[in-house]
Every structure is written in C-alpha cells, then in structure tokens.
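Reader: Before we look at details, could you show me how to read the ring contacts in a model of this kind?

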Amino acid sequence: QVQLVESGGGLVQTGGSLRLSCAASGRIFSIDGMGWYRQAPGKQRELVAIITSRGVPNYADSVKGRFTISRDNAKNTVYLQMNSLKPEDTAVYYCNGNIMSGTVYYNYWGQGTQVTVSS
C-alpha cells in the first residue's frame, strides 16, 4: 500500500509564503514524476507544478516566478515553496505521484492540504 501525505498548509496573508511537503510511504520501488495540483471551491482541479524524476520542473503560468517545486528522492518527498501568495492561490492543494509498487507504475493522490490566503 502506497500513501502520499501532504503537510504545510495553513492561513497566510497576501504576500506571504508557505512550504508544502508531500511524503510517499509504503512499498515503493521507484517514483517517476511528481506534482502538485489545486482545487478552489467551485472550480476544477488544476495543475500547479510538476517535476520529473531527474528534477526538471514545469509550472502553470499563474505561479511561474512565485512557486518552486523540488524533490528529495532519498526521502521520497516533493516540496512546493510558495512565495508572494495571492488570494487567488487559495485552494486545497493535492500531491500526485507516479509510483511503482510492484511491476508497473500507478498514479496516486494525497488527501489534500488547505491553503488560505487572506487579503
């Protein structure tokens, strides 16, 4: 059984920073791409940032220059450093990863962590 557990969400003022963490645990042989998605009330879940197994990032236009995704392969953990936060960044943030637990890769989701940016 593989689990992704997020942490680091919370309430912050406009212009503030937060750092999200997502740790994968369980029977893990390999982790391919990992990423962060978010879902605001009444909206569809959207991609925030992804990172390949080799550490190559890609970002949504709305967060470029403000957010940084990184990963620690030794710890099976992906991070999202969020700076210059805006009220429109308010959402539940979900971690996602392609993880090999047996002989094939499956896609896993975390339970989500709330990020609220006050104006």
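Author: We can begin with Y37, which is partly exposed at a relative accessible area of 21%; buried means under 20%, exposed over 50%, and partly exposed in between, with a 1.4 Å probe and protein chains only. The model is predicted, so local features need pLDDT of at least 70 and side-chain atom pairs count only at pLDDT 80 or more, while totals for chains, interfaces and linings use all residues. Residues are numbered from 1 along each chain as its sequence is written, and side-chain values use heavy atoms, leaving out hydrogens and water.

Reader: How many aromatic pairs does a search of the whole structure find?

Author: Rings of Phe, Tyr and Trp (its six-membered ring) pair if their centres lie within 6.5 Å, and planes under 30 degrees apart count as stacked, over 60 as edge-to-face and the rest as tilted. The search finds two such pairs. In one of them, Y37 and W109 lie 5.0 Å centre to centre with 65 degrees between the planes, which is edge-to-face. W109 is partly exposed, at 38%. The rings of Y94 and W109 are also edge-to-face, because their planes stand at 85 degrees, with centres 6.5 Å apart.

Reader: Which residue lies over the face of Y94?

Author: A charge sits over a ring if NZ of Lys or CZ of Arg is within 6 Å of the ring centre and within 35 degrees of the ring normal. Here R45 lies over the face of Y94, at 3.7 Å from the ring centre, and Y94 itself counts as buried at 14% relative accessibility.
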